Amino acid sequence: MNKKIILTGDRPTGRLHLGHYVGSLRRRVELQNSGLFDKIFILIADAQALTDNADNPEKVRQNIIEVALDYLSVGIDPTKSTIFIQTMVPELTELAFYYMNLVTVARVQRNPTVKTEIQMRNFEKSIPLGFFSYPVSQAADITAFKATTVPVGEDQEPMIEITREIVGRFNNIYGETLVEPEILLPDNAACMRLPGTDGKAKMSKSLGNCIYLSDVAKDVAKKVKSMYTDPLHLNISDPGHLEGNCPFIYLDAFCKDEHFERYCPDYANLDEMKAHYTRGGLGDGTVKKLLINVLEELLAPIRERRKQFEQDIPAVYEILQKGSEEARIAAAETLNDVRNAMKLNYFGDSTLIEEQSKRYKAQ
Ligand code: TRP
């Protein structure tokens, strides 16, 4: 019977924010607790983070613990999921090197996520080769664990596509060896990509428009109060527009009917509130107040758990070390399969040695 295996992860370049939460973390915890998977691997992709932070290794190094703390505080449980650090599993690098022969430069150039990143980082003139090849390294991350399921945000879709192509080509050339993974996208449309608090398309550290999972309540409230809403909604009585309206988009992602009972009993649910807003007569302040309450209900326990883990940093590193050791065993097994399939097994292949030896003796 085929095993169901999850692999997913994040670059350690900063603390994780609400965008990560709706895009992947929330789902990961659900999947972990569903009991439907035989193994769950969660990688802290430090090698990938270095592909565009080569000059700032300290940033990557310092953020490994931040990401680990965020994982643990949202409910990733190291007894159920294996959390590990990418560079502590060197087998991944070797796999990536072989996979690079199966992907063309043009193929990576067409990858929309890589394209956007190249623009954002001003890499147009000279792209670091390592950065350019990170989709291939990501294919190694996924296939090394024979992952069947990769729960990620939609921006990662092109990476999974390349991975599937690599798997197809590899198996075709060298024989059935690798497992083709499937992407698992967030289910709620509003969660596909949470905009930044400024209304820009994406929550991103460099844009300074994030609400971090570890933000204190006061900062969360401040950020919500300054959120971009509807520039045409000047007076409360004006009809409001929902499109691009951050508090409503966030409510779509986080709010349940029961929140209205608790925090905003004038409405039974979000649809009623939206209708009032569109009609006119509902101020942004009321919407934001509800959102602050909803977010606080979510973030308070996360913040609390984080505090506890922060008290024992050595224990968190132990979790990462144990996870990395476990991950390494799994990746080594796949690397062994790959080497055998590619016949990179010169010393262990007696037929090769005997045949060549016979051939030369006969000359
Ligand atoms: N590219 C992912 C990000 O930007 C991180 C990552 C690296 C990843 N390897 C992966 C995600 C493998 C899923 C599967 O956060």
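Strand S1 (residues 5-10) gives the most to the shell around the ligand, with four residues; helices and strands here are DSSP runs numbered from the N terminus (helices H or I, at least four residues; strands E, at least two). The model is a predicted one, so to speak of local features takes a pLDDT of at least 70 and side-chain atom pairs count only at pLDDT 80 or more, while totals for chains, interfaces and linings use all residues. Residues are numbered from 1 along each chain as its sequence is written, and side-chain values use heavy atoms, with hydrogens and water left out.

Around the ligand there are 14 residues, and the closest are Arg11, Gln48, Gln138, Asp141 and Gln156; to be near, a residue needs a heavy atom within 4 Å of the molecule. Some of these make polar contacts, that is, pairs of N or O atoms within 3.5 Å. A polar side-chain atom of Gln48 sits 2.7 Å from a ligand nitrogen. For Asp141, a side-chain N or O atom is also found 2.7 Å from a nitrogen atom of the ligand, and for Gln138 such a distance is 3.0 Å. On its own the ligand would expose 370 Å², and the protein buries 91% of that, going by Shrake-Rupley areas with a 1.4 Å probe. Besides S1, helix H8 (134-144) gives two or more residues to the shell.

Further along, helix H11 (residues 246-254) is largely enclosed by the rest of the structure, because seven of its nine residues are buried. Buried means under 20% relative accessible area, with over 50% called exposed and anything in between partly exposed (1.4 Å probe, protein chains only). The buried set in H11 is Cys246, Pro247, Phe248, Tyr250, Leu251, Ala253 and Phe254. Their cover includes helices H1 (18-34), H12 (257-263), H13 (270-279) and H14 (284-310), with contact meaning heavy atoms within 4.5 Å.

Ser73 is part of helix H3 (residues 57-74). Ser73 counts as buried because its relative accessibility is 0%. Its side chain reaches the backbone oxygen of Asp70 at 3.0 Å. Leaving aside residues up to four places away in sequence, Ser73 touches Ile302, Arg305, Arg306 and Phe309.

As for the whole protein, there are 16 helices and five strands, and 48% of the 363 residues count as buried. The C-alpha trace spans about 100 × 45 × 45 Å along its principal axes.

Note on methods: Polar contact = N/O pair within 3.5 Å; in protein donor to acceptor, adjacent residues only side chain to side chain.
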